[in-house]
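Open the model in a viewer and keep the selection panel at hand. The stops below go from the whole chain to one helix and then to the pockets.

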Amino acid sequence: MAKIGEGDPRWLVEERKDGRNVNNWHWTETDCLEWSKKRLSEIFTDTTILNGSSGPYCKTTGVDSVTGEAFINIRKQKLIPSYELEIKIKWEGEIREENGEKKGEAKGFIHFPYVADENHDEEAEMRVACESNDEVSKTLKSSILESKTKKVIYEMLNKFVEELRSGIPARRPNPASATSAKNDADSSSSEAEPAANGAADSKDKAAREQAATKAKAASAAALSKKNSTSSHSKSLSFTEKFYARPKDIFDCFTLEPKMCAFTQSKCVADLKAGGKFSWFSGNVVGEFLEVTVPSKIVMKWRFSSWEDDTFSNVEISISEPEHGTTILTLRQTGIPETDRFGNHDVVNVAENGWKGQIFFKIRAVFGYGLGL
């Protein structure tokens with residue numbers, strides 16, 4: 001190692017006037033969310049996924065939404081991708097007769113609820129939704145979910161993932177040449193700066209005013225929609241018996257290892273008032289409102305397929321009328337009539353989920369009274 005003051009050129013430790021991060025030695029982070037939206041749109045716009053001269057025909061028509069986060073971190077020239085995305089792709093299709101004439105058409109969404117770096121080597125969960133519930137829609141949905149068509153869709157998604165993980169969105173022009181070009185541009189435009197700045201300030205002010213107006217309108221629309229939804233909400237009630245102690249059942253909804261065990265999925269729980277939770281790898285999310293160990297849990301609760309900012313209220317009461325016999329009473333209110341895809345079976349999905357994916361699995365995995 002070089003001694004102090006020797007200035008060994010192998011060690012770029014002195015302060016550089018140009019501020020360059022040579023060879024990406026220091027930690028850098030690039031936000032790739034906008035790139036992800038653009039790239040997915042390029043891949044999934046007007047791309048045929050099912051083609052037949054007769055029978056079903058279907059293509060993706062673009063991106064409906066991409067939410068979450070995506071970053072490329074670089075440290076000592078090593079790429080470290082970090083991303084958790086929810087992706088919705090639009091599709092449209094039609095059923096053709098043997099003579100090529102169109103029999104009917106339908107539209108919908110292909111939904112990837114969780115595309116993340118932690119499961120990049122697995123097939124991401126894929127759901128297919130239709131805008132209507134007629135026979136043509138059902139036929140096209142079934143055709144999209146066939147293995148041959150799913151393979152085409154996964155190839156498109158994997159192309160995006162591979163590009164993201166390879167660091168393509170983090171690539172930048174050579175800093176030295178960029179600095180030189182910037183200096184040339186600064187010299188040639190210095191005389192025009194005052195006028196340009198004045199025009200820019202005026203333009204920025206107008207843009208801010210316009211954005212504020214749009215924000216107020218969006219807020220009013222969201223409030224109106226929320227009030228409309230709440231007035232037509234549904235509710236569910238359950239009373240379940242378990243051969244266990246109250247704390248055993250309480251832990252099934254609050255202790256991460258136990259939640260992961262019976263759901264067979266990633267679960268997160270920050271057990272405190274205001275703490276967030278996530279079940280089934282993000283398909284159910286919410287927030288703890290009240291926690292009393294081991295007798296009561298109150299939470300804001302939603303499926304990821306519901307409209308944004310739409311939550312139900314879940315209250316769980318746990319008691320032990322006899323030693324070793326625990327009674328769980330669950331009341332869920334504020335369930336919306338439809339999800340964001342227009343499906344009207346939201347209450348049935350919630351009810352079946354509690355019965356089949358929660359209560360039954362708790363009994364089956366931990367032996368708390370299977371057969372009750």
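**Whole chain**

Select everything first: of the 372 residues of the protein chain, 35% count as buried, where buried means under 20% relative accessible area with a 1.4 Å probe, protein chains only. This is a predicted model, in which local features need pLDDT of at least 70 and side-chain atom pairs count only at pLDDT 80 or more, while totals for chains, interfaces and linings use all residues. Residues are numbered from 1 along each chain as its sequence is written, and side-chain values use heavy atoms, with hydrogens and water left out.

Switch to a surface: the protein chain exposes about 21,800 Å², and carbon and sulfur atoms supply 49% of it (Shrake-Rupley method, 1.4 Å probe). Among contacts (heavy atoms within 4.5 Å) between residues at least 6 apart in sequence, 56% join residues at least 24 apart.

**Helix α3**

Select residues 147-165. Helix α3 has 19 residues and reaches 26 Å from first C-alpha to last, close to the expected 27 Å, which is 1.5 Å times one less than the number of residues. Show its side chains: the buried residues of α3 include Ile 153, Leu 157, Phe 160 and Leu 164, along with Glu 163. Step just past the end of α3 to Gly 167, which has a positive phi of about 90 degrees.

**Largest pocket**

Next, centre on Arg 127, Ser 305, Asp 339, Asp 345 and Val 349; of the 33 residues that line the largest pocket, these are the closest to its centre. The space in the largest pocket is about 800 Å³. A pocket here is an open set of points on a 1 Å grid over the protein atoms alone, where a 1.4 Å probe fits, with protein on both sides within 12 Å along at least five of seven lines; lining residues have an atom within 4 Å of a point. Which element gives the largest share of this lining? Select α8: seven residues come from it. By class, the lining has 15 nonpolar, eleven polar and seven charged residues.

**Second largest pocket**

Move to Glu 86, Pro 113, Gly 282, Val 285 and Ser 304, the closest to the centre among the 19 residues that line the second largest pocket. Its volume is about 540 Å³. Highlight β3 (55-75), β4 (78-96) and β5 (102-116), each of which supplies at least two lining residues.

Conventions:
Points joined across faces, edges and corners; volume = space filled by probe spheres on them. Helix = DSSP H or I, 4+ residues; strand = E, 2+ residues; numbered from the N terminus. Nonpolar A, V, L, I, M, F, W, Y, C, P; charged D, E, K, R; others polar. Buried < 20%, exposed > 50% of the residue type's maximum accessible area, 1.4 Å probe, protein only.
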